[in-house]
Amino acid sequence: MAAQKGFWDAIVIGAGIQGCFTAYHLAKHSKRVLLLEQFFLPHSRGSSHGQSRIIRKAYPEDFYTRMMDECYQTWAQLEHESGTRLHRQTELLLLGLKENPELKTIQATLSRQGIDHECLSSEDLKQRFPNIQFTGGEVGLLDKTGGVLYADKALRALQHLICQLGGAVCDGEKVVEIRPGLPVTVETTLKSYQANSLVITAGPWTNRILRPLGIELPLQTLRINVCYWREKVPGSYSVSQAFPCILSLGLAPHHIYGLPASEYPGLMKICYHHGDSVDPEERDCPTTFSDIQDVQILCHFVRDHLPGLRPEPDIMERCMYTNTPDKHFILDCHPKYDNIVIGAGFSGHGFKLAPVVGKILCELSMKLAPSYDLAPFRMSRFSTPSKAHL
């Protein structure tokens, strides 16, 4: 994708799902927007690659569940505009012990927000899901809105629409310097650009970009093992058989999630919502003992609960999470330069929420009143000097 010269209304750094939706919303506001990506597209170096993500309204926090209402609408709008199917409703089955506090909180949130859901007893689970094995009195919570997003198709659709709306996507351009001011200047390995505003959605590379601007956020990059498990009987855990997405709460030290077989025929995606701390430049370093431990936890889960899958993964891929200490996002302006906007720390659950995240970052960039209360997302909540400083 050829680089563009000239002055821009806005520059967005990072063409993952958050950057793409931010650029899309800016372009919808008739802004000349430039989306910069350090790697050549498509790539598998960050957090937005792969074919599938879970979409759901099941959250402990009301504010995420409320945001998801608009997210579903925007995902549907994007499907319509692109002529591409990006979403499949499968329902989401949350599993845990009856006394699990997170399960109780999520059920209460769904009830308060009027979201279609169903509570399932141990007996209900055994009748409804005969190919799941229940060993310790687990109960279920069925989020009827749950489903699968087609991640790689969504990225392609957004990048195409950004260009159709008059924006530009320039890949293979690494940012090497940012000079704050009005306009802000962005130097890449190939060119120099200027814009009225800058939005940074650089995932694991966020602090590398922010440090020269006098700020460091409390972000931890984790390398996640994305595992695919073969069905013993093809189709038994597939989308076509109406098998749901699953989310296990409290049955292991961290969440375990699964998506029905779809992207690789005969293989179900099951992952551990945790990983090893890693430098994003060294993501492909050799497997560690922690990696092996995490996969062993998954092997035990599959063996105990999904007897129709072979209990060792057939395929292992990798992606990265960029976590904040409280696992909530950072959506805010730079404390010194108010035309530099930061979206970071999506903590492994940001993809589904990107339509609203992108809208909020667009609003901050354009100095419009935010559509949502940003108190949970302000960087000032990390106020100690060791966590965020000027």
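This is a predicted model: local features need pLDDT of at least 70, side-chain atom pairs count only at pLDDT 80 or more; totals for chains, interfaces and linings use all residues.
A residue counts as exposed when its relative accessible area is over 50%, as buried when that area is under 20%, and as partly exposed in between. At 53% relative accessibility, K367 is exposed, because its value is over 50%. K367 pairs with D338 in a salt bridge, with 3.8 Å from N to O. Because K367 lies in the segment after helix 8 and D338 in the loop between strand 19 (330-333) and strand 20 (340-344), the pair ties together parts that are 29 residues apart in sequence. D338 itself is partly exposed, with a relative accessible area of 47%.

Across the whole structure, a search finds 15 salt bridges. One of them joins K359 to E70, whose closest N and O atoms are 2.8 Å apart. This pair links distant parts of the chain, with K359 in helix 8 (residues 354-365) and E70 in helix 2 (residues 62-82), 289 residues apart. The relative accessible area of K359 is 22%, which makes this lysine partly exposed.

Another salt bridge brings together the side chains of D314 and R230, at 2.7 Å from N to O. Here too, distant parts of the chain are linked: D314 sits in the loop between helix 7 (289-305) and strand 18 (315-323), while R230 belongs to strand 13 (residues 220-230), 84 residues apart. Both partners are partly exposed, D314 with a relative accessible area of 38% and R230 with one of 28%.

Finally, salt bridges also form a network, which links E118, R128 and K144.

Technical notes
Residues are numbered from 1 along each chain as its sequence is written. Side-chain values use heavy atoms; hydrogens and water are left out. A salt bridge is a side-chain nitrogen of Lys or Arg within 4 Å of a carboxyl oxygen of Asp or Glu. Helices (H or I, at least four residues) and strands (E, at least two) are DSSP runs, numbered from the N terminus. Buried means under 20% relative accessible area, exposed over 50%, partly exposed in between (1.4 Å probe, protein chains only).
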